[in-house]
Number of protein chains: 2
Amino acid sequence: MSLYEPTVLQFSKMLNNFEVWLDAAAEHAKSKNFDVSVLLTSRLAPDQFHLIRQVQAACDQAKSTAARLAGQDPPKHADTEVTLDELKARIATVKSYLATFTPAHFEGAEARAISLPFLPGKVMTGVNFLHEMALPNFYFHATTAYAILRHNGVALGKQHFIGGLTLADA
Amino acid sequence: MSLYEPTVLQFSKMLNNFEVWLDAAAEHAKSKNFDVSVLLTSRLAPDQFHLIRQVQAACDQAKSTAARLAGQDPPKHADTEVTLDELKARIATVKSYLATFTPAHFEGAEARAISLPFLPGKVMTGVNFLHEMALPNFYFHATTAYAILRHNGVALGKQHFIGGLTLADA
């Protein structure tokens with residue numbers, strides 16, 4: 001088992017799914033004759049992030065998880081996206097960054113000491129960081145982004161959240 | 001790396017977190033003088049599950065993921081919970097079931113062939129099933145349950161979603 005597949009491959013697939021959700025949002029806005037920016041700035045609670053910021057947060061978790069498990073510094077992104085096209089470009093940038101990794105970058109990642117910016121002086125092992133922090137946080141933002149769209153009537157279902165599966169014949 | 005920690009330990013911690021969320025829901029309902037069943041039957045979209053069903057679905061994903069990776073048949077639960085106490089009892093039942101597993105039950109789990117009820121004739125490896133299906137689906141229901149409460153004003157924050165972390169000194 002390597003930490004490459006559950007990070008690089010799974011995050012890349014989920015970012016592909018995000019693009020499907022955003023295309024469905026654009027289609028819904030067009031069919032109802034309102035500007036898609038209404039959806040992009042919608043939120044489920046006044047003190048939660050709106051859709052753009054949920055997607056940015058998921059993008060940041062994906063890139064930083066891969067980078068830190070591989071012992072690299074993640075690229076910085078300025079969170080300036082406003083339009084749907086800009087948000088899709090941000091997603092594409094992160095997908096391109098994830099595509100620079102190979103399984104070899106993740107050798108020994110499970111035992112790598114990962115520091116947390118909000119817990120100075122403490123570290124987690126790579127595998128604990130992935131399962132206790134990175135994946136829960138990534139899926140938190142992914143699900144909240146999806147839920148904002150579902151709450152506003154966009155036609156999506158669970159299969160658009162899960163995406164394709166790696167199957168073999170039984 | 002074993003699949004015991006990312007399933008048994010992480011699901012158990014998240015189920016503890018669910019109890020915190022439900023206690024906060026009860027406190028919120030009491031402070032606003034309404035019945036907590038209003039929250040338990042709230043949903044984010046007319047064609048999404050309400051809170052009770054989100055928790056039941058997360059409980060089922062937790063128990064079935066552990067069971068199937070360990071080559072066991074999961075216990076059946078009838079989804080009859082209506083009250084807060086009944087829902088907390090369901091969570092406790094699943095936590096008790098998870099506590100019956102040891103790391104030894106998960107030896108070879110990563111390569112075990114896992115069938116999917118909705119994809120007859122196909123299988124996934126244990127590790128792919130965990131990362132492509134079980135964890136995304138568990139966190140989907142966990143985050144949606146949490147979001148239903150946040151949407152309705154319950155005082156929760158990200159730390160109540162993530163819970164405690166396994167830390168060491170740097």
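1. Ground rules: residues are numbered from 1 along each chain as its sequence is written, and chains are lettered from A in the order in which they are written. Because the model is predicted, local features need pLDDT of at least 70 and side-chain atom pairs count only at pLDDT 80 or more, while totals for chains, interfaces and linings use all residues.

2. Symmetry: chain B superposes on chain A by a rotation of 180° with 0.0 Å of shift along the axis, at an RMSD of 0.0 Å (least squares on C-alpha atoms of residues with pLDDT of at least 70 in both copies). That is the relation of a two-fold axis. Both copies use the same surface, as 100% of the contact residues of chain B recur in chain A.

3. Interface: 37 residues of chain B are in contact with 37 residues of chain A (contact: C-beta atoms, placed from the backbone, within 7 Å). On the chain B side, α5(B) gives the most, with 15 residues (helices are DSSP runs of H or I, at least four residues; strands are runs of E, at least two). By class, this side has 20 nonpolar, eleven polar and six charged residues (nonpolar: Ala, Val, Leu, Ile, Met, Phe, Trp, Tyr, Cys and Pro; charged: Asp, Glu, Lys and Arg; polar: the others, Gly among them).

Note on methods:
Two residues are in contact if their C-beta atoms, placed from the backbone, lie within 7 Å.
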